Amino acid sequence: MMGARKIKQYLPALLLHIQRRVGGERGFLIAVRTRDICGVDRRCGRAMHNLMMSLVAKGLARRHKKGVYLIERAAVEEVLTALREWI
């Protein structure tokens, strides 16, 4: 399990990514791909997995497939406030 410090290191990147996706796309779902945020950095990918699975546990996101998570547009503000609380 990764420490909280390592996970917090990648939180701002996730926040920024979600904010950018909200502005650009149409539709009622936002796809968060860990590969888009982290590239091939496995440590970052693991931290993103942990962060997104905690959002899934809260019912704010759902796992689509490996490395891809879906967030409904209606829940985006809730997701962003939850992530900001963890920083």
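Leu14 has a relative accessibility of 0% in this predicted model, and because buried means under 20%, Leu14 counts as buried. The residue belongs to helix H1, and, when residues up to four places away in sequence are not counted, Leu14 touches Val32, Ile37, Met48, Leu51, Met52 and Leu83.

In soluble globular proteins, nonpolar side chains tend to be buried together. In this model the largest nonpolar core has 25 residues, and Leu14 and Ile18 are those with the most contacts inside it. At least two residues of this core come from each of helix H1 (4-24), strand E1 (29-33), helix H2 (34-38), helix H3 (42-58), strand E3 (68-72) and helix H4 (76-86). Ile18, once its neighbours within four places in sequence are left aside, is in contact with Val32, Ile71, Val76, Val79, Leu80 and Leu83.

The strands can be taken next. Three of them form an open sheet with antiparallel pairing, in the order E1-E3-E2. Strand E1 and strand E2 (62-65) are the edge strands, each of which pairs on one side only. On average, and with direction ignored, neighbouring strands of this sheet are turned by 35 degrees against each other. Between E2 and E3, which run antiparallel, there are three bridges, and in this part of the sheet Arg63 stands opposite Tyr69 of E3. Helix H1, the helix that holds Leu14, lies across E1 and E3 and runs at about 145 degrees to E1.

The structure holds one disulfide, which joins Cys38 to Cys44 with an S to S distance of 2.0 Å. The torsion about this S-S bond is about -60 degrees, so the disulfide formed by Cys38 and Cys44 is left-handed. Are the two cysteines buried or exposed? Cys38 has a relative accessibility of 12% and therefore counts as buried, and Cys44, with a relative accessible area of 4%, is buried too.

Notes
Residues are numbered from 1 along each chain as its sequence is written. This is a predicted model: local features need pLDDT of at least 70, side-chain atom pairs count only at pLDDT 80 or more; totals for chains, interfaces and linings use all residues. Side-chain values use heavy atoms; hydrogens and water are left out. A disulfide is a pair of cysteine sulfur atoms within 2.5 Å. Buried means under 20% relative accessible area, exposed over 50%, partly exposed in between (1.4 Å probe, protein chains only). A nonpolar core is a set of buried Ala, Val, Leu, Ile, Met, Phe, Trp, Tyr and Cys residues joined through side-chain atoms within 4.5 Å. Helices (H or I, at least four residues) and strands (E, at least two) are DSSP runs, numbered from the N terminus. Contact means heavy atoms within 4.5 Å. Two strands pair if DSSP finds at least two bridges between them. Axes are lines fitted to C-alpha atoms, for helices over the stretch in contact, and angles run from 0 to 180 degrees between N-to-C directions.
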